[in-house]
Amino acid sequence: MPTQAPVAVKVLLADDHALFREGLKLLFTKDAGFQVVGEAQDLLGLRDLLRLTQPDLLLIDHHMPGGDSSAVVNHLKHTQPGLRIVFLTGSSAGGVLRQLADAQADGVLLKDSSAAALLANLRAVMKGQRVIPAEVAALMAPGEGLLTRREMQVVKLIGDGLSNAEMGELLSLSPKTVDKHRENLMRKLEVNSVAQLVLKAHALGWLTS
């Protein structure tokens, strides 16, 4: 018997920027695993649209006209527990990100994620995982803003066990520059060794186990 193609995940997009929704739709048309079934530009008609489209996944911006998106998501997670909900936000403010996580969303992702990372995280959500990437967790941590984006990249690569030379090649930096980032990280995190740095990064949620 021929193998049946997997059923595409039905996605509802909720974002007040039409251009951003168009970009997401274009991305999803290139992936047979997802199908956009509806779009909302505000929160006012979202409940009716959910009922009409019956999506598997709601991808929602945190800043939407017509109400408080966090409150709406919190309500939906209680009334429609089978619906997967992911916040896709352009905010890097730790307080905002913590509020979104507290709303019990299945994921909190940044809008500047790569297309590949976004799709991989959404697949993880549809498998039942709660996804809050390391860069989001870092921004939510008590020391939010402590590290630069480049330093966060170096932290993750150190956690992966890469050498200065390997990190330099990946990041297009000289090994000397990478070593300087490593020194800055150890100073900022108040640790004396790479092992301590990795342990602290894990404790802060910057690295996955």
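This is a predicted model: local features need pLDDT of at least 70, side-chain atom pairs count only at pLDDT 80 or more; totals for chains, interfaces and linings use all residues.

Colleague: How many helices and strands are in the chain?

Modeller: Ten helices and five strands. The C-alpha trace spans about 55 × 45 × 30 Å along its principal axes.

Colleague: And what share of the contacts with a separation of 6 or more comes from residues 24 or more positions apart?

Modeller: That share is 61%.

Colleague: OK, on to the sheet. In what order do the strands come?

Modeller: The order is β2-β1-β3-β4-β5, in an open sheet with parallel pairing. β2 and β5 (107-110) are the edge strands, so to speak the ones that each pair on one side only. From one strand to the next, the twist averages 25°.

Colleague: How many bridges join β1 to β2?

Modeller: Six, between residues 9-14 of β1 and residues 34-40 of β2, with the two strands running parallel. The chain gets from β1 to β2 by way of helix α1 (residues 18-29), and that β-α-β crossover is right-handed.

Colleague: Which residue in β2 stands opposite valine 9?

Modeller: Phenylalanine 34. Alanine 14 has alanine 40 of β2 as its bridge partner.

Colleague: I was looking at serine 70. Where is that one placed?

Modeller: Serine 70 is in α3, the helix covering residues 69-79.

Colleague: Is serine 70 buried or exposed?

Modeller: Buried: the relative accessible area of serine 70 is 7%, and the cut-off for buried is under 20%.

Colleague: Which residues does serine 70 touch, leaving out those up to four places away in sequence?

Modeller: Phe87, Gln99, Leu100 and Ala103.

Colleague: Let's switch to helix packing. At what angle do α7 and α10 cross?

Modeller: Roughly 110°, with the axes coming within 10 Å. Here α7 is residues 149-159 and α10 is residues 194-203.

Colleague: Why do you call α7 and α10 roughly perpendicular?

Modeller: Because the label covers 65 to 115 degrees, α7 and α10 count as roughly perpendicular to each other.

Colleague: Which residues meet there, between α7 and α10?

Modeller: On the α7 side, Val155, Ile158 and Gly159; on the α10 side, Val194, Leu197, Val198 and Ala201. By class, that contact of α7 with α10 has six nonpolar residues, one polar and no charged ones.

Colleague: New topic: backbone angles. What is the phi of serine 172?

Modeller: About 60°, so to say a positive phi in a residue that is not a glycine. Serine 172 is in the loop between α8 (164-171) and α9 (175-189).

Colleague: And is serine 172 buried or exposed?

Modeller: Exposed, since the relative accessibility of serine 172 is 68% and exposed means over 50%.

Colleague: What about glutamate 190, where is that residue?

Modeller: Glutamate 190 is in the loop between α9 and α10. The phi of glutamate 190 is positive too, near 60°, and glutamate 190 is a residue other than glycine. Glutamate 190 is exposed, with a relative accessible area of 68%.

Colleague: Great, thanks. I'll look at those spots on screen.

Methods:
Residues are numbered from 1 along each chain as its sequence is written. Side-chain values use heavy atoms; hydrogens and water are left out. Helices (H or I, at least four residues) and strands (E, at least two) are DSSP runs, numbered from the N terminus. A crossover is right-handed if, with the strands pointing away from the viewer, the path from the first strand over the helix to the second runs clockwise. Axes are lines fitted to C-alpha atoms, for helices over the stretch in contact, and angles run from 0 to 180 degrees between N-to-C directions. Angles under 35 degrees count as roughly parallel, over 145 as roughly antiparallel, 65 to 115 as roughly perpendicular and the rest as oblique. Contact means heavy atoms within 4.5 Å. Ala, Val, Leu, Ile, Met, Phe, Trp, Tyr, Cys and Pro count as nonpolar, Asp, Glu, Lys and Arg as charged, and the others, Gly among them, as polar. Buried means under 20% relative accessible area, exposed over 50%, partly exposed in between (1.4 Å probe, protein chains only).
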